[in-house]
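Here's a quick briefing to read alongside the model. Have the sequence and the 3D view open as you go.

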Amino acid sequence: MLNHRQTKIQFESLANLQAIQKQAYQMLMRGLATTGFSMREWGILVYLEQHGQATASELADAFTVTRTLISRNTWRLIQDNLIQSQVNPNDRRIVWLSLTVNGQERVQEGVRQVQANLKTFNQSHDLEKLTKQVETLSQQLAKIN
């Protein structure tokens, strides 16, 4: 059974972890600001770039959202000629999604744009803050063990 001190440290660790997640999310959102992609659209493009192809169900599982929500996001990406769909000839219920050549180029452009955008912000302050949060979390986790 945990004592009061250990419980307090666990709650502090959770709060610190949430702060780290928020900071990383904000940095990525600033980086994506001029790309025109939402966070989920960017995630889908990067997922397809890394995995080659996926079904809408796989994407929904990977992003822990509904298949309907993924379908809305992928439809826009299909309309923009960034991803393509291909029906499995052996099972027409399965539709594979993959990047088009244009999509591959936009992912590479997006990566460069995110990197450039992050450099224009006060990145050293953000990274310093993030580093301190990670160090504090590490110390708190060491106390729990």
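For the residue classes used here, Ala, Val, Leu, Ile, Met, Phe, Trp, Tyr, Cys and Pro count as nonpolar, Asp, Glu, Lys and Arg as charged, and the others, Gly among them, as polar. By those classes, the lining of the largest pocket has 5 nonpolar, 4 polar and 1 charged residues. Bear in mind that this is a predicted model, where local features need pLDDT of at least 70, side-chain atom pairs count only at pLDDT 80 or more, and totals for chains, interfaces and linings use all residues. Numbering starts from 1 along each chain as its sequence is written, and side-chain values use heavy atoms, with hydrogens and water left out.

**Overall layout**

- The protein has 6 helices and 3 strands; helices (H or I, at least four residues) and strands (E, at least two) are DSSP runs, numbered from the N terminus.
- Going along the sequence, the pattern reads α-α-β-α-α-β-β-α-α.
- Of the 145 residues, 32% are buried, where buried means under 20% relative accessible area, exposed over 50%, and partly exposed in between (1.4 Å probe, protein chains only).
- Among contacts (heavy atoms within 4.5 Å) with a separation of 6 or more, 62% are between residues 24 or more positions apart.

**The largest pocket**

- A pocket here is an open set of points on a 1 Å grid over the protein atoms alone, where a 1.4 Å probe fits, with protein on both sides within 12 Å along at least five of seven lines; lining residues have an atom within 4 Å of a point.
- The largest pocket holds about 160 Å³ of space, a volume being the space filled by probe spheres set on the points, with grid points joined across faces, edges and corners.
- Its lining is made up of Thr55, Ala56, Arg67, Ser71, Thr74, Trp75, Ile78, Ser85, Val95 and Leu97.

**The nonpolar core**

- A nonpolar core is a set of buried Ala, Val, Leu, Ile, Met, Phe, Trp, Tyr and Cys residues joined through side-chain atoms within 4.5 Å.
- The largest one has 20 residues, and Leu45, Leu48, Leu59, Ile70, Leu77 and Ile83 touch the most other members.
- Helix 2, helix 3 (56-63), helix 4, strand 3 and helix 5 (101-120) each supply at least two residues of this core, with helix 2 giving the most, at 5.
- Setting aside neighbours within four places in sequence, Leu59 is in contact with Ile44, Tyr47, Ala54, Ile70, Thr74 and Leu97.

**Salt bridges**

- There are 3 salt bridges, each a side-chain nitrogen of Lys or Arg within 4 Å of a carboxyl oxygen of Asp or Glu.
- Arg76 pairs with Glu41, their closest N and O atoms being 2.7 Å apart; this links distant parts of the chain, with Arg76 in helix 4 and Glu41 in helix 2 (residues 39-51), 35 residues apart.
- Glu41 is buried at 7% relative accessible area, whereas Arg76 is partly exposed at 33%.
- Arg76 also forms a salt bridge with Asp80, the closest N and O atoms being 3.7 Å apart, and Asp80 is partly exposed at 35%.
- Through shared partners, Glu41, Arg76 and Asp80 join into one network.
- Arg93 forms a salt bridge with Asp91, with 2.9 Å between the closest N and O atoms, and Arg93 is exposed at 72%.

**A loop to look at**

- Thr34 sits in the loop between helix 1 (4-32) and helix 2 and is exposed, with a relative accessible area of 54%.
- The C-alpha atoms of Thr34 and Gln113 are separated by 7.6 Å, with the two residues 79 apart along the chain.
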